[in-house]
Amino acid sequence: MDREHRLTFCKRCDHQKFDSQKGIVCDLTNEIARFYSSCNDFSGDKTAVDRVVKNRELNKIHQEEYGKYGKPPKVTVWTIIRIIALIITLISLFVKLAS
(Lines give C-alpha, C1' and ligand atoms only; values in the text may rest on other atoms or scores of the structure.)
Protein backbone atom coordinates (compact mmCIF):
# COMPACT_ATOMS: atom_id res chain seq x y z
CA MET A 1 0.00 0.00 0.00
CA ASP A 2 1.40 3.39 -0.95
CA ARG A 3 1.22 6.69 0.92
CA GLU A 4 -1.62 7.96 -1.25
CA HIS A 5 -3.77 4.98 -0.30
CA ARG A 6 -2.96 5.43 3.39
CA LEU A 7 -3.88 9.11 3.15
CA THR A 8 -7.35 7.99 2.07
CA PHE A 9 -7.79 6.85 5.67
CA CYS A 10 -5.80 9.65 7.29
CA LYS A 11 -7.68 12.49 5.61
CA ARG A 12 -10.94 11.18 7.08
CA CYS A 13 -9.59 10.23 10.50
CA ASP A 14 -10.22 12.20 13.68
CA HIS A 15 -6.61 11.54 14.78
CA GLN A 16 -4.94 13.40 11.93
CA LYS A 17 -2.80 16.48 12.23
CA PHE A 18 -0.57 18.40 9.87
CA ASP A 19 3.20 18.56 10.16
CA SER A 20 4.84 21.19 7.94
CA GLN A 21 7.71 18.85 7.04
CA LYS A 22 5.92 15.47 6.84
CA GLY A 23 2.42 16.45 5.75
CA ILE A 24 -0.54 14.66 7.33
CA VAL A 25 0.58 12.59 10.32
CA CYS A 26 -1.13 10.62 13.06
CA ASP A 27 -1.86 12.64 16.20
CA LEU A 28 -1.32 9.49 18.28
CA THR A 29 2.17 8.63 16.98
CA ASN A 30 3.31 11.91 15.35
CA GLU A 31 4.45 9.83 12.38
CA ILE A 32 3.18 9.25 8.85
CA ALA A 33 0.91 6.23 8.45
CA ARG A 34 2.66 2.86 8.20
CA PHE A 35 -0.26 0.39 8.34
CA TYR A 36 -0.73 -2.24 5.65
CA SER A 37 -4.42 -2.60 4.76
CA SER A 38 -6.27 -0.52 7.36
CA CYS A 39 -5.46 1.47 10.47
CA ASN A 40 -6.35 -0.12 13.81
CA ASP A 41 -6.67 3.33 15.43
CA PHE A 42 -8.92 4.81 12.72
CA SER A 43 -11.71 6.98 14.07
CA GLY A 44 -13.99 8.56 11.51
CA ASP A 45 -16.36 7.89 8.62
CA LYS A 46 -15.44 4.36 7.52
CA THR A 47 -18.08 4.31 4.76
CA ALA A 48 -16.50 7.37 3.11
CA VAL A 49 -13.12 5.63 3.14
CA ASP A 50 -14.63 2.45 1.68
CA ARG A 51 -16.29 4.49 -1.08
CA VAL A 52 -13.02 6.20 -2.02
CA VAL A 53 -11.12 2.89 -2.01
CA LYS A 54 -13.78 1.25 -4.19
CA ASN A 55 -13.71 4.16 -6.67
CA ARG A 56 -9.93 3.99 -6.82
CA GLU A 57 -10.09 0.25 -7.57
CA LEU A 58 -12.71 0.83 -10.29
CA ASN A 59 -10.55 3.54 -11.84
CA LYS A 60 -7.58 1.18 -11.82
CA ILE A 61 -9.64 -1.49 -13.61
CA HIS A 62 -10.85 1.14 -16.10
CA GLN A 63 -7.26 2.18 -16.81
CA GLU A 64 -6.24 -1.43 -17.38
CA GLU A 65 -9.16 -2.03 -19.75
CA TYR A 66 -9.03 1.14 -21.80
CA GLY A 67 -5.48 2.41 -21.36
CA LYS A 68 -4.54 6.03 -20.91
CA TYR A 69 -6.83 7.29 -23.68
CA GLY A 70 -10.06 6.28 -21.99
CA LYS A 71 -13.07 4.41 -23.26
CA PRO A 72 -13.39 4.23 -27.04
CA PRO A 73 -16.26 6.27 -28.48
CA LYS A 74 -19.52 4.40 -28.89
CA VAL A 75 -20.72 4.27 -32.50
CA THR A 76 -24.50 4.26 -32.66
CA VAL A 77 -26.88 3.50 -35.52
CA TRP A 78 -27.72 7.20 -35.73
CA THR A 79 -24.07 8.07 -36.18
CA ILE A 80 -23.81 5.65 -39.09
CA ILE A 81 -27.02 7.03 -40.66
CA ARG A 82 -25.66 10.59 -40.40
CA ILE A 83 -22.39 9.58 -42.03
CA ILE A 84 -24.25 7.88 -44.90
CA ALA A 85 -26.48 10.94 -45.34
CA LEU A 86 -23.40 13.18 -45.43
CA ILE A 87 -21.76 10.98 -48.07
CA ILE A 88 -24.92 11.01 -50.22
CA THR A 89 -25.14 14.80 -49.91
CA LEU A 90 -21.50 15.25 -50.91
CA ILE A 91 -21.88 12.91 -53.91
CA SER A 92 -24.99 14.76 -55.09
CA LEU A 93 -23.13 18.10 -54.79
CA PHE A 94 -20.22 16.79 -56.84
CA VAL A 95 -22.62 15.48 -59.53
CA LYS A 96 -24.36 18.90 -59.74
CA LEU A 97 -21.01 20.69 -59.96
CA ALA A 98 -19.74 18.31 -62.63
CA SER A 99 -22.76 18.83 -64.93
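Which residue forms a salt bridge with Lys22? The partner is Glu31, and the closest N and O atoms of the two side chains are 3.5 Å apart. The structure is a predicted model, in which local features need pLDDT of at least 70 and side-chain atom pairs count only at pLDDT 80 or more, while totals for chains, interfaces and linings use all residues. Residues are numbered from 1 along each chain as its sequence is written, and side-chain values use heavy atoms, with hydrogens and water left out.

Side chains of opposite charge can pair when their charged atoms come close. A salt bridge is taken here as a side-chain nitrogen of Lys or Arg within 4 Å of a carboxyl oxygen of Asp or Glu. By this rule the model has 3 salt bridges. In the pair already named, Glu31 is partly exposed, with a relative accessible area of 34%, and Lys22 is likewise partly exposed, at 36%. For these terms, buried means under 20% relative accessible area, exposed over 50%, and partly exposed in between, with a 1.4 Å probe and protein chains only.

Another salt bridge joins Asp50 and Lys46, with the closest N and O atoms 3.6 Å apart. Both residues belong to helix α2 and are 4 residues apart, so about one helical turn separates them. Helices (H or I, at least four residues) and strands (E, at least two) are DSSP runs, numbered from the N terminus. Asp50 is partly exposed at 40% relative accessibility, and Lys46 is partly exposed at 38%.

The salt bridge between Arg56 and Glu4 has its closest N and O atoms 3.9 Å apart. This pair links distant parts of the chain, since Arg56 lies in helix α2 and Glu4 in helix α1, 52 residues apart. Arg56 is partly exposed, with a relative accessible area of 29%.

The two helices also pack against each other. Helix α1 (residues 3-10) and helix α2 (residues 46-66) meet at an angle of about 155°, with their axes 9 Å apart. Axes are lines fitted to C-alpha atoms, for helices over the stretch in contact, and angles run from 0 to 180 degrees between N-to-C directions. Angles under 35 degrees count as roughly parallel, over 145 as roughly antiparallel, 65 to 115 as roughly perpendicular and the rest as oblique; α1 and α2 are therefore roughly antiparallel. On the α1 side, Glu4, His5, Thr8 and Phe9 meet Lys46, Val49, Val52, Val53 and Arg56 of α2, where contact means heavy atoms within 4.5 Å.

Phe9 also takes part in aromatic pairing. Rings of Phe, Tyr and Trp (its six-membered ring) pair if their centres lie within 6.5 Å; planes under 30 degrees apart count as stacked, over 60 as edge-to-face and the rest as tilted. The count by this rule is 2 aromatic pairs. The ring centres of Phe9 and Phe35 are 5.4 Å apart and the planes stand at 80°, so this pair is edge-to-face. Phe9 lies in helix α1 and Phe35 in the loop between β2 (23-26) and α2, so the pair ties together parts that are 26 residues apart in sequence. Phe9 and Phe42 are edge-to-face too, with ring centres 6.0 Å apart and planes at 90°. Phe42 lies in the loop between β2 and α2, 33 residues from Phe9. Phe9 is buried at 5% relative accessibility, Phe42 is buried at 18%, and Phe35 is buried as well.
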